[in-house]
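Could you open the structure in your viewer and take a short tour with me?

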Amino acid sequence: MSTRHAVRDDLDSRPWTGPTRRYDILKEGAIALAIVAVLTFGLSALFSSPDEPALTFKGWSQSAPDNMYATMVAEMSGSSETAGYGPPYNVNSDGLSIGPLALQKWFGVTHPIDAAQDFVIAPLQSQQQPDAVTAAVSQWTSASADQRTAWATAYEDALNDPAGANGDATKVPAGDYGPVPTLAAAVVAMASSGAYDGALASAGGHFFNTDNTKQTMLMGDGSYMDDLATAGNLQGNTWGMVNETGSWPGQQWLATYSFWYQLPMFNNEDPNNTVATVLTDNADAIIFAIMFVVILLFVFLPFIPGLRSIPRWIPIQRLVWRQYYREYGKR
Amino acid sequence: MTRSDLDRPVRVLQPSESGGTAEGQKADEVPTTWTGKFRAVWMRTLPPDKMLPERQPAYVSSWIYVFGMLTIVSLIVVVASGLVLTMGGVAWWHTSSIGHYVNSLHFWSVQLFFVFMVIHLWGKFWMSAWRGRRATTWITGAIAMIASIVTGFTGYLIQSNFNSQWIAFESKDVLNSVGLGALINVTDFGQMVLLHVCLLPLAVGVVVVIHVLLVRFRGVVPPLEAIDPMLEVAAKEAKS
C-alpha cells in the first residue's frame, strides 16, 4: 500500500476530528416519517392499488370452452406442459440445466402431479356424474396405460388436425378414442357449473388446503391465462417481471433480473439456430446463474478491484460533498 | 450473593477498559455477570453519544443522506400497514373498501421504500461508502436489499388476484430450474403467506438493525477528497 493510500485509509477509518455540525437524528426521523406517511396516504387515496380478480376454471370454461376442452385432452394424452414438465412434479422429462448441471433433478419429485388423474379423473370421481360419464371414467380407469395414451393421442391428433377438425370437437371424424371425448366434455361441463373449482380446491378430501400448485399448473396449460397475460404486457420477454396489471407500477426492483429475458439469445424462435435454442430452452436456469453472480458482485463489491474504483473514476461524489469541499477545500 | 462471591477479589479496571456502569455498581468493578459484560462491551462499542449523536461531521450536509432515513421510515410504514392487513385476513382487501385502502397503503409504502432504498444505494455507491473498514456496512445493506426484494416478491404472490396467479405460474419455472422449487413452492399460497408475514420480515428487520448499528459504530464515511484534519492541525503547529 502506498503512503498516500495508507494516510487515506487512516482518515477513512479513524474517528472524525474535523469540523462538525448540529444534527438531530430523532427530529430527522420524525419529519421523514411524517413525509412518508403523507405520501403513502395521498398516493393510496389518489391511485388506489391493483386488484384484478383471480381467474377461475368456471370463467375459463365459459370464456374459452374449446381451449379448456383441448387442454383436458392434452392432460390425458400427456402432451400438456404439466404432464411433460419433469421435476418437481413428475419424471416425464429431465427439466432444465446449466451446461452439465441438471439442478432441477436433484431433489426429485416433491410435488407429484399425475395430469390425467389429478385434472380429469379425480375431479369427475369426486362428484356424482351422469351415467355416461361414470361409464367413461370406469372405462378409463380399467384400461391399461398404453391404451389410455393411444386413445387420447389419437383423439388429440384428430381434434387439432388443421386440415380437419382444427380444434372444433363437433368436426372430429369417428375413430377409436375410447372415453376421451366424454371425459373432456364432462370436465368442461363441471367447470361451467363452478363445481370444478371446488373439486380441485378440496382435492384429496382436505377441508383445509392452501396449496394451489395443481390449479396454477392446469391454468397455465391452456391459453386462457396466457392470452390475458399477453394482453396485459405481463410476459417475461415484454418486461412482464416488472409490470403490474393495469397502469400501476410493478416490481421495478426486478428490472436487472428482467433485463436478461429481453435479450434475443434467450428468446430464440429459429429452430435452425441450435445454440440459441439451447440457451432459450434453459433460459430460466442460465439467467438464475447469471443473477447469482451479479448478486455476489453486488454484495462483495468493496473487495472487487475495478468495480470498487468506479466512484473514483467518475467523481459524482463531488456533487454530494460540493458544499463541504467549497467550505473546507479538497485535496 | 454467595460466600464465594464475597471472597472474590475485585480487579480494578484500567481507564481504557471501562464500560458503562449500573446504579449501585462501582465504576472500577469488573463486571462478572453475562449482563454486565455485555453492557460493558456495548457501552465501549456504541456509547450513547455514538448511538444517538447530536453532532455529525460537517460533510454530512447533502440531501443524499436523507434517503437512508427515508428508507427506514418507509419500512416502518410498510410493516405498520402490513400488520393492519394481517388483522383482516388474506382476502380482506377483496371484500372491504377499508381493506382495499389498507392494501393500497401497503402497496404504495413498498413502492416508496424501494425508491428510497435504490437512491440510498446509488448514493452510497458513488460515495464509495465502504471505505475505512465499512465493507460490512455495505454488505449488510446489500443483503437487506436482497431480503427486501424476496419479501416483496412473496407479497406479490399472496395478493390472491390475477397478478399473483400469473407471477406464481411464471416464477415457479425459475425456482424449479435450479431445484429450489422443491423447497420453496411459489404456487403454495400458505407457504408464501407465512414466509411473507413472518420469516422474511424478521430477516429484513434483523439485517436492517445490524446495518444501522454498523453505521453508528463506524460513523459516516469522510469525503473521498477530504483534507485530513489531523494533517492540517500538524501543519498549523509546525508553522507556529
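**A bridge between two chains**

Select A:Thr20 first: its bridge partner in E1(B) is B:Pro57. Now widen the selection to strand E1 (residues 20-22) of chain A and strand E1 (residues 55-57) of chain B, which pair in the antiparallel sense over three bridges. Strands pair if DSSP finds at least two bridges between them; strands (E, at least two residues) and helices (H or I, at least four) are DSSP runs, numbered from the N terminus.

A word on what you are viewing: this is a predicted model, where local features need pLDDT of at least 70 and side-chain atom pairs count only at pLDDT 80 or more, while totals for chains, interfaces and linings use all residues. Residues are numbered from 1 along each chain as its sequence is written, and chains are lettered from A and ligands numbered from 1 in the order in which they are written.

**The contact**

How many residues does the contact take from each chain? Chain A gives 84 residues and chain B gives 84 residues, with contact meaning C-beta atoms, placed from the backbone, within 7 Å. Next, select helix H2 (residues 25-47) of chain A, which gives the most to the side of chain A that touches chain B, with 12 residues.

**Confidence in chain B**

The average is 90, and 88% of the residues score at least 70. Then select residues 1-6 of chain B, where pLDDT stays under 50. Where pLDDT is low, the predicted coordinates should not be read in detail.

Note on methods: pLDDT = per-residue confidence, 0-100. Contact = placed C-beta atoms within 7 Å.
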